[in-house]
There are 2 protein chains.
Amino acid sequence: LRADAVWQAGAVTRSDARVVALAGTRNLVDAAGQHALCPTRAAAPQLFDAARELVFLGLLDGAPCYAALHDAEPATTAGGFVELRSVLATLDGDDLSLLIMARALAHWHDTHRHCGACGAPTTSFRAGHARTCTACSREAFPRLDPAVIVLVADESRCLLGRNPQWPAGRFSTLAGFVEPGETLEDAVAREVREESGIRIAMPAYVGSQPWPFPASLMLGFEARPLTDAIEVDGEELAEARWFTRADITAGLADGSLSLSPRRSIAFRLLERWFDRGGTPLRNLSVT
Amino acid sequence: LRADAVWQAGAVTRSDARVVALAGTRNLVDAAGQHALCPTRAAAPQLFDAARELVFLGLLDGAPCYAALHDAEPATTAGGFVELRSVLATLDGDDLSLLIMARALAHWHDTHRHCGACGAPTTSFRAGHARTCTACSREAFPRLDPAVIVLVADESRCLLGRNPQWPAGRFSTLAGFVEPGETLEDAVAREVREESGIRIAMPAYVGSQPWPFPASLMLGFEARPLTDAIEVDGEELAEARWFTRADITAGLADGSLSLSPRRSIAFRLLERWFDRGGTPLRNLSVT
């Protein structure tokens, strides 16, 4: 449907067309932070009409649905514009997926207003899923930055690290962007070695998650350590430690340890390992 | 070492520094197309001095190694500049990895000379692994486009398709770029459905491969079909067919079928399935 210009021209004017509004990087959600607000054109025409760009997201309950990108907050009758991170724990899962998609596309439009090759302005086409240069006609498509994220663990303990920007006591799995020329498996081994000094055996793929901060595609792995001595570089990680299940249980109980949000693939990787010990991590973690 | 500006300033002047030269999208290889040519600064100073950009690739046998980007072909004493695709089948594997990395970085520099947000010129930093905007200071890092590639197969047959630009008889696994907001597994199911009309069960990750045409990261899967009737869209695929191992064996023998190069992940996915039948595909395929 994106490529069907005739269909698009009609769809965007339909009174039942739905809108996912963004103001800069902020999404429109209800006051409780539990649901996305996606009104129809009939109910909120200003969310369509004042938009800088409209991006077709697909059909929502049979009606065409658009991300509407605004520089400043448009008037709304309910809810408010918030950073997605602030409602990660409360927002409905399907709504989160929709808002993640809209936010990723908004970030791409914002950072591709000009052609990278010649610098001239670009314009949107294919219903907002491509931009073309007004001078050299070079085309650009929404980008995703593939990143690996890995739980290094054996039967009894796992390796977690703390980012220098995080508060004391917050720990997560190791992660980093894939570089040109390497496989995912190369990237996992390199990141673990660079950040912690640990060498690993061949990593096993677990699953993936889109992560729009700003446009990452997280590719999750588990890997067994081959070495023991941790050496952090101090830049990517402030500290890294081996945690047993008992360490994690005690740290969560006394508040000295905090983990990534339950919705994140970081939590899911840790949970997958932790739960092999017999007690579900979700019973212990509060966020 | 990329971030160590003092080390970099000395390294690039070393007489034993090695150079991987590119002219536009073409790499320098020997006359037989079997090896990359990576001379030292002492042997080929013009390959360094005439370069538009130098990108630090790492240490090669202990010496710093740089990709040198040229707009026009610099003078060389041996070999010639060729498109990597033309030597995929003949080039040494380690050399291919090195040239793939250089070509991916060259493409990124070429398409990021200007800031996508404001249009001003950018300059290279971090030894060629980042660019920053001279006006708004926005930073950009080498991009990779994650793409899924999948062999849809049950015990007895597999699904292969033909791109409209390919000659009659050339078939390969289905593939496509991951879109914002979807997991890899979502992307695999969507691409197979869009291109062939086939529905699949949960795909299983097999492995990954960097693929610099121009900057893809191929993420390989195998998936079982849930439906039988093929319906191609005619745009992404001109045709798609179910192939038994006997169909593939006969097609390769009489020349009516050609496959992707042995070095590609497409071939490796097909081989992994085919070889479960007892006869190695490599014994039948000629490229």
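## Briefing: chains A and B, their interface and salt bridges

Chain B and chain A are joined by two salt bridges (a side-chain nitrogen of Lys or Arg within 4 Å of a carboxyl oxygen of Asp or Glu). The model is predicted: local features need pLDDT of at least 70, side-chain atom pairs count only at pLDDT 80 or more, and totals for chains, interfaces and linings use all residues. Residues are numbered from 1 along each chain as its sequence is written, chains are lettered from A and ligands numbered from 1 in the order in which they are written, and side-chain values use heavy atoms, with hydrogens and water left out.

**Interface between chain B and chain A**

- One salt bridge joins the side chains of Glu179(B) and Arg2(A), at 2.5 Å from N to O.
- On chain B, the side that touches chain A draws at least two residues from each of helix 3 (93-110), helix 4 (184-196), strand 12 (204-211) and strand 13 (216-223). Helices (H or I, at least four residues) and strands (E, at least two) are DSSP runs, numbered from the N terminus.
- That side of chain B divides into 19 nonpolar, ten polar and eight charged residues. Ala, Val, Leu, Ile, Met, Phe, Trp, Tyr, Cys and Pro count as nonpolar; Asp, Glu, Lys and Arg count as charged; the others, Gly among them, count as polar.
- In contact terms (heavy atoms within 4.5 Å), 37 residues of chain B meet 37 residues of chain A.
- The two chains bury about 2900 Å² between them, with 59% of it on carbon and sulfur atoms. Buried area is the accessible area (1.4 Å probe) that two parts lose on being put together, summed over both.
- In chain B, the residues that lose the most area to chain A are Arg143(B), Leu144(B) and Pro180(B), together 21% of what that side buries.

**Salt bridges within chain B**

- Over all chains, the whole structure holds 44 salt bridges.
- Arg52(B) and Asp110(B) pair through their side chains at 2.8 Å, N to O. Arg52(B) sits in the loop between helix 2 (45-49) and strand 3 (53-60) of chain B, and Asp110(B) in helix 3 of chain B, so the bridge ties together parts 58 residues apart in sequence.
- Arg52(B) is partly exposed at 29% relative accessibility, and Asp110(B) is partly exposed at 21%. Buried means under 20% relative accessible area, exposed over 50%, and partly exposed in between (1.4 Å probe, protein chains only).
- Arg131(B) and Glu53(B) form a salt bridge at 2.9 Å, N to O. Arg131(B) is in strand 7 (residues 130-133) of chain B and Glu53(B) in strand 3 of chain B, so this pair ties together parts 78 residues apart in sequence.
- Arg131(B) is buried at 4% relative accessible area. Glu53(B) is buried at 14% relative accessibility.
- Arg190(B) and Glu194(B) meet in a salt bridge at 3.3 Å, N to O. They are four residues apart in helix 4 of chain B, separated by about one helical turn.
- Arg190(B) is buried at 11% relative accessibility, whereas Glu194(B) is partly exposed at 37% relative accessible area.

**Chain A**

- Chain A contains six helices and 14 strands.
- Of its 287 residues, 52% are buried.
- The C-alpha atoms of chain A fill a box of roughly 60 × 45 × 30 Å along the principal axes.
- A network of salt bridges links Arg52(A), Asp71(A), Asp110(A) and Arg113(A).

**Helix 5 of chain A**

- In helix 5 (residues 245-254) of chain A, the buried residues are Arg245(A), Ile248(A), Gly251(A) and Leu252(A). Seen down the axis of the helix, they fall within an arc of 135 degrees, so they line one face. The arc is that of the directions from the helix axis to the C-beta atoms.
- The face turned away from the buried side carries the exposed residues Ala246(A), Ala253(A) and Asp254(A).
- Cover for the buried residues includes strand 10 (157-162), strand 14 (239-244) and helix 6 (265-274) of chain A.
- Just after helix 5 of chain A, Gly255(A) takes a positive phi of about 80 degrees.
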